[in-house]
Amino acid sequence: VSGLEDGGEFDVVVIGAGCGGIIAAAVLAEAGKTVLLLERGKALAYPQVGRDHLRNHRLATYGHNTGPELDGNPRVIESPDGTVRIARPHEGAYHNNAMTVGGGGRVFGGQAWRFHPRDFRMASEYGVPDGSSLADWPISYEELAPYYERAEWEIGVAGDSNVNPHQGARRRGYPMPPVAPTRQHAVLWRGAHKHGIHTAAAPMLINTVPFDGRAACAQCGMCVGFACASDSKNSSHNTMLPRAIATGRCRLLTQVMVERIETDSKGRAIGVSYFVGDARALARARAVVVSAGAIESARLLLNSASPEHPRGLGNDHDLVGRNLQGHYYPGTFGLFDNPVYDGIGPGVSISTCQFNHGNPGIIGGGMLANEFIKLPIHFCKWAWPTDVPRWGPQAKRWMRDAYTRTIQVMGPVQEIPSPESRVTLDGAVRDRWGIPVARLSGATHPQTVRTAEFMRQCSEQWLRASGAKKLWGRRPTVGLSAGQHQAGTCRMGADPRTSVTDRWGRVHGHENLFCADASLHVTNGGFNPVLTVMALSFRAGEHIAAQL
Amino acid sequence: MRLTAQQKRTLACLVDCIIPADDYPAASENGVIDYIERLLDTDLKHHNDQVQCGLALLDDEAMAIHGKPFADLDEPTKIALLRAVESGQDLHAGWTIPPGQFFELMITVTHEGYYTDPGNGSNRQGASWKMIGYDPRVPEPVKEKWLEGLP
C-alpha cells in the first residue's frame with residue numbers, strides 16, 4: 001500500500017454513516033476510542049433532500065433525493081431469465097438504499113419493530129425448505145432485547161407500552177406515547193375486533209411529544225421518502241451522530257469512497273484505502289467496521305481480496321454476498337363508502353403481529369399495518385385498479401372519489417432466503433472510481449412467495465371485515481428482493497462454513513474486521529428491520545470497544 | 001424540446017382527453033403542457049422523437065379518416081380515435097412507432113403533471129390536490145441542529 005496520502009491513524013475506521021455505522025461509531029467514541037467515520041454521500045439538509053414528489057426515495061421516477069449520483073454508480077442486474085443489464089441508482093432494479101449521512105434513516109418512515117423471538121430460530125421452528133438457506137441466528141431475542149431497549153430509548157421510539165401477546169417480552173415500555181389514532185385506525189380497529197385480529201399502535205421512530213431537544217411530529221402528509229421538516233423523525237444521524245462528534249474523538253468524512261480494506265498476511269485489517277475526490281488516501285486502524293448496507297458491504301469485502309484471501313475477505317467458503325434478501329410487501333387496497341382520510345400523518349397507526357407466526361402450513365409470516373399517507377402521485381401510480389379506465393372523465397372521477405375513501409393494508413413478509421440470490425462483482429463494469437460494481441442475481445425462494453400470498457389474503461380479510469366494498473391488489477411473483485430493507489449478505493453464525501460473521505459480527509478469519517448493518521441478518525424478520533440494525537450496532541460497538 | 005404550434009395544439013387536446021375539464025381544470029389548464037415540455041428537455045429526452053412522431057401521427061390519423069387535424073375533431077370522434085390508438089387497431093396512418101406505447105407514455109406523463117407537486121412546474125395552485133382532498137400541511141422547516149459543524 002504505497003503512494004497513498006496519509007489518512008491518519010485511528011482505533012477504528014467505520015465505513016458508512018448510516019443507521020448502523022453511526023451507532024457503532026458513537027458507542028466506540030464514547031468508550032474512549034478514536035474513530036474515523038467514512039461516508040460516500042453528503043450530509044444533506046432538509047431543503048437539499050427537498051419535496052419533489054417524483055424524485056425521492058419513495059418514488060424515484062426520474063431521480064432521487066439522497067444519492068448516489070445517477071451517473072457513475074451503476075450496478076449490473078442479472079434477471080432469472082439470464083438477461084443482463086445495467087441499472088442506475090433511481091431504478092427499482094438497483095435496489096438502492098439512501099446513500100447519505102444517516103442512510104435510510106434520513107428518509108425512512110421510521111417503523112421501529114423488534115423482531116419476534118421466533119424470528120431468531122426460523123430453521124428450528126419450520127425446518128429448512130429444499131433449496132433454501134434458512135437458518136437460526138447464533139443469538140436469541142433475549143440476548144438482543146437489552147439493545148433493542150437502548151435503541152428505543154436513546155434514538156427515541158413512540159409506541160404502545162401495553163403487553164402485545166404477539167411480540168417478545170419487554171422489560172420497559174416506550175419513552176413516548178404512540179402516534180395518534182387516525183380515522184383509518186378507527187375503521188380498521190372495528191374490523192379487527194369483529195374478525196378476532198389483535199391490534200396495536202405501530203411503534204415509530206417519531207417524536208409524539210418533544211423529545212431529545214426536538215419538537216413533536218407536526219402530523220404532516222409528506223413523511224416517508226423525505227426528510228422531516230420539523231426534525232421529529234429519529235434516527236442515528238440526529239441522535240447518535242451529535243453524541244459521537246461531541247466526544248471529540250470521532251471524525252466524519254463525507255464524499256469519501258472506500259476502495260479497499262487493507263489486510264496483513266495474517267488477515268488482520270490494518271486500515272482502509274479510499275478516494276477523496278480523485279486523490280487516494282490510507283487511514284490506519286486497529287479495527288475496521290463495515291456498515292455500507294447489505295449490497296455495498298458485500299461488494300467491499302469482495303473488492304478487498306488479498307494474496308492470502310484471493311476470493312475476498314471472509315469469503316473462503318464463497319458465502320459473502322449470498323442470501324441477499326429484503327422484504328416482499330404484499331397488501332390490499334380497500335375502497336370504503338365514506339371518507340377514511342383525515343390527513344393526520346404519518347399515516348401508519350394500526351398494526352397486527354398476529355400473522356407473524358403460527359399460520360397453518362405457512363413458513364413464518366409478517367406484520368400488517370395501514371400505510372403512510374399516500375402522495376397523490378403515489379395513489380395514481382400504485383393504487384389504480386385494473387378495472388377502472390386510466391383516462392377520460394371516469395379516470396378523473398376515480399381519483400376524486402377514491403383518494404380519501406381508500407385504505408391500504410400491507411406489511412413486510414419474512415423472506416425464506418436462497419443462497420442463489422446474491423451479490424457478486426461484475427467482471428467488466430466499474431464505477432466512476434474504477435472499482436468493480438455489484439452484480440445482483442438470483443431470486444427469493446418460492447416459499448417467500450407462498451407466505452406473501454397468504455399475507456395478501458390476510459390483508460384482504462382485514463379490510464373486508466372493516467367494511468371495504470371494493471378490494472384489489474397484486475399477487476406476488478418470484479423475483480429478486482432487496483431494496484431499502486436489504487439484508488443477509490454477511491450472515492452471522494457459529495460455523496465459518498455456513499456463515500460469514502460470528503455472533504458479534506466479526507468476519508470469520510479476520511479478528512479485527514466487523515460488519516454492523518443488516519448484512520448480518522440471518523433472516524430479516526417479518527418487520528421493518530431498522531431497530532434490529534440499531535440494536536446489533538449498539539451491541540457490536542460495546543463488544544469491539546471491550547476488545548481494543 | 002421546441003414543439004411546433006401545431007404539435008402543441010395537438011398535445012393540448014390529447015392531454016385534455018386524458019384529463020378533461022369538469023368543475024376542476026383540464027390537464028392543459030393545470031400546467032401539464034409545460035410539465036411535459038420540460039420533461040422532454042430533461043429526464044425524458046430519449047422519448048423526444050417518440051412524442052413528436054406520435055403527435056404528428058395523431059394528426060395524420062385524423063386527416064386520413066376525417067380530413068382535418070386531431071384538434072379540430074369533435075369530442076366523441078377524438079375519443080374514438082384515441083381508443084384506436086390505445087388498442088393499436090383500426091389505424092389508417094402509417095404508424096412508425098408502437099401506438100399503444102405512445103399513448104401509455106402520454107397517460108403517464110399527463111397524470112404526473114396533473115397530480116405532482118407544484119415544484120415540478122405544473123399543478124401550481126394544487127388544483128388536483130384540492131380536488132381529491134390531499135393537503136400536505138408540511139410545516140416550515142426548522143434548522144436541524146445535528147448538521148451544525150459537520151463537513
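How much space lies in the second largest pocket? About 400 Å³, a volume being the space filled by probe spheres set on grid points joined across faces, edges and corners. A pocket here is an open set of points on a 1 Å grid over the protein atoms alone, where a 1.4 Å probe fits, with protein on both sides within 12 Å along at least five of seven lines; lining residues have an atom within 4 Å of a point.

Before going on: this is a predicted model, where local features need pLDDT of at least 70 and side-chain atom pairs count only at pLDDT 80 or more, while totals for chains, interfaces and linings use all residues. Residues are numbered from 1 along each chain as its sequence is written, chains are lettered from A and ligands numbered from 1 in the order written, and side-chain values use heavy atoms, without hydrogens and water.

Now select Arg40(A), Gly41(A), Lys42(A), Pro68(A) and Glu69(A): of the 20 residues lining that pocket, they are the closest to its centre. The lining divides into eight nonpolar, seven polar and five charged residues (Ala, Val, Leu, Ile, Met, Phe, Trp, Tyr, Cys and Pro count as nonpolar, Asp, Glu, Lys and Arg as charged, the others, Gly among them, as polar).

Next, the open sheet of four strands in chain A, ordered 4-3-15-14 with mixed pairing. Strands are DSSP E runs of at least two residues and helices H or I runs of at least four, numbered from the N terminus; two strands pair if DSSP finds at least two bridges between them. Strand 4 (84-87) and strand 14 (422-430) of chain A sit at the edges with a single partner each, so one side of each has no neighbour in the sheet. Zoom in on Val76(A), and you'll find its bridge partner in strand 4 of chain A, Ile86(A).

Move on to the antiparallel open sheet of six strands in chain A, in the order 5-11-12-13-10-16. Its edge strands are strand 5 (200-201) and strand 16 (470-472) of chain A. Ala201(A) stands opposite Ile350(A) in strand 11 of chain A.

Last stop: rings. There are 15 aromatic pairs over all chains, where rings of Phe, Tyr and Trp (its six-membered ring) pair if their centres lie within 6.5 Å, and planes under 30 degrees apart count as stacked, over 60 as edge-to-face and the rest as tilted. Select Phe333(A) and Trp472(A), a stacked pair at 5.4 Å centre to centre with 20° between the planes. Phe333(A) lies in strand 10 of chain A and Trp472(A) in strand 16 of chain A, so the pair ties together parts 139 residues apart in sequence.
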